[in-house]
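Open the structure in your viewer and keep the selection tool at hand. The tour goes from one selection to the next.

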Amino acid sequence: MHSNVSDGVLAPAAVAQLAAQQQVTAFALTDHDDTSGLEAAQRCAREHAVCFIPGVEISVTWQTHTIHIVGLGIDPSERQLTQGLASIRSSRDARAERIARKLTDLGITGTLDGARGYAANPSMIGRTHFARHLIKQGHARDMNAVFDRYLGQGKPGYVAHQWAALNDAVGWIRAAGGSAVLAHPGRYRMERSAMRELLREFKQVGGEAVEVITSNHSYNDSQLYANYAREFALRASRGSDFHAEDESRSLPGDLPALPSALTPVWREQPWLKL
Ligand code: AMP
Ligand code: MN
């Protein structure tokens with residue numbers, strides 16, 4: 001789940017509260033490239049007797065693709081991780097300025113201030129903040145439309161960006177005692193051969209699991225990635241990727257269970273404290 005520490009809309013404690021309300025057994029807060037919401041979320045989860053998994057979602061550039069690696073069960077004070085995440089965050093501002101300039105070229109002005117208005121954490125401006133502003137201003141109907149028209153890869157407001165390397169991101173997660181999960185693989189537009197190469201490399205550098213059940217996977221995606229999990233001897237994960245109630249297809253806890261033949265990433269992990 002995401003909080004307003006990155007591009008979710010709820011404060012970290014409110015995320016924990018929603019998880020409790022949805023009666024989930026365990027949830028992870030996995031903000032993009034930032035762990036500053038974990039303490040507040042953990043405190044609130046404890047008050048509601050919900051199992052909390054400290055997490056993060058790291059932006060990675062692999063070949064020509066932007067992919068996301070979720071870290072579960074991390075120690076957010078570990079130095080390699082904190083330094084790695086700080087280096088990623090430090091480039092977000094310049095990127096946001098370039099996105100705004102591209103939108104200005106299209107005749108849409110004022111988007112940097114607009115995006116900032118949606119970002120509770122000034123060091124974490126992302127495309128979702130631009131998207132919310134553009135939707136509010138009537139430039140697109142909803143999230144899908146605004147990425148489709150302006151912000152998605154190859155669209156006129158898109159800025160190519162170099163994120164962390166795959167082996168670095170997995171290395172930071174492992175150094176911090178966590179497990180690395182390939183997030184929402186069904187969202188990456190790559191050939192099957194490239195996906196196999198990614199999974200092979202991910203496994204080789206210490207990746208542990210692949211997200212099989214997640215809100216933007218179709219039934220077929222889930223089947224496909226369940227098969228990949230078996231083929232590459234990876235564990236499986238399940239998560240809502242929750243950002244906001246009016247932007248999500250499913251609420252936390254509402255997704256179907258993992259196929260029983262797969263080993264859940266959270267099984268018998270030292271970091272899981274039920
Ligand atoms: P950023 O890290 O700033 O590039 O923002 C990435 C976030 O934008 C993702 O985590 C998604 O929440 C959102 N996003 C990316 N692509 C799409 C899309 N095609 N449709 C809706 N949301 C998207
Ligand atoms: Mn993601």
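Predicted model: local features only at pLDDT ≥ 70, side-chain atom pairs only at ≥ 80, totals over all residues.

Residues are numbered from 1 along each chain as its sequence is written, chains are lettered from A and ligands numbered from 1 in the order in which they are written, and side-chain values use heavy atoms, with hydrogens and water left out.

Select the manganese ion (ligand 2), then Glu57, His68 and His184. These are its protein donors, through OE, ND1 and NE2 respectively, at 1.9 to 2.3 Å. Donors here are N, O and S atoms within 2.8 Å of the metal (3.2 Å for Na, K and Ca); water is not among the atoms, so the site may look incomplete. Along the sequence, the donor spacing is E-x10-H-x115-H.

Next, colour strand S2 (residues 51–62), which holds Glu57, and strand S3 (residues 65–72), which holds His68; the pair therefore ties together parts 11 residues apart in sequence. Strands are DSSP runs of E, at least two residues, numbered from the N terminus.

Buried means under 20% relative accessible area, and exposed over 50% (1.4 Å probe, protein chains only).

Now select His243, in the segment after strand S6 (235–239). His243 is also buried, at 15%. Its side chain makes a polar contact of 3.0 Å with that of Asp7. A polar contact is a pair of N or O atoms within 3.5 Å; within protein, one must be able to donate a hydrogen and the other to accept it, and residues adjacent in sequence count only if both atoms are side-chain atoms. A polar side-chain atom of His243 also lies 2.9 Å from the backbone oxygen of Asp241.

Notes. Helix = DSSP H or I, 4+ residues; strand = E, 2+ residues; numbered from the N terminus.
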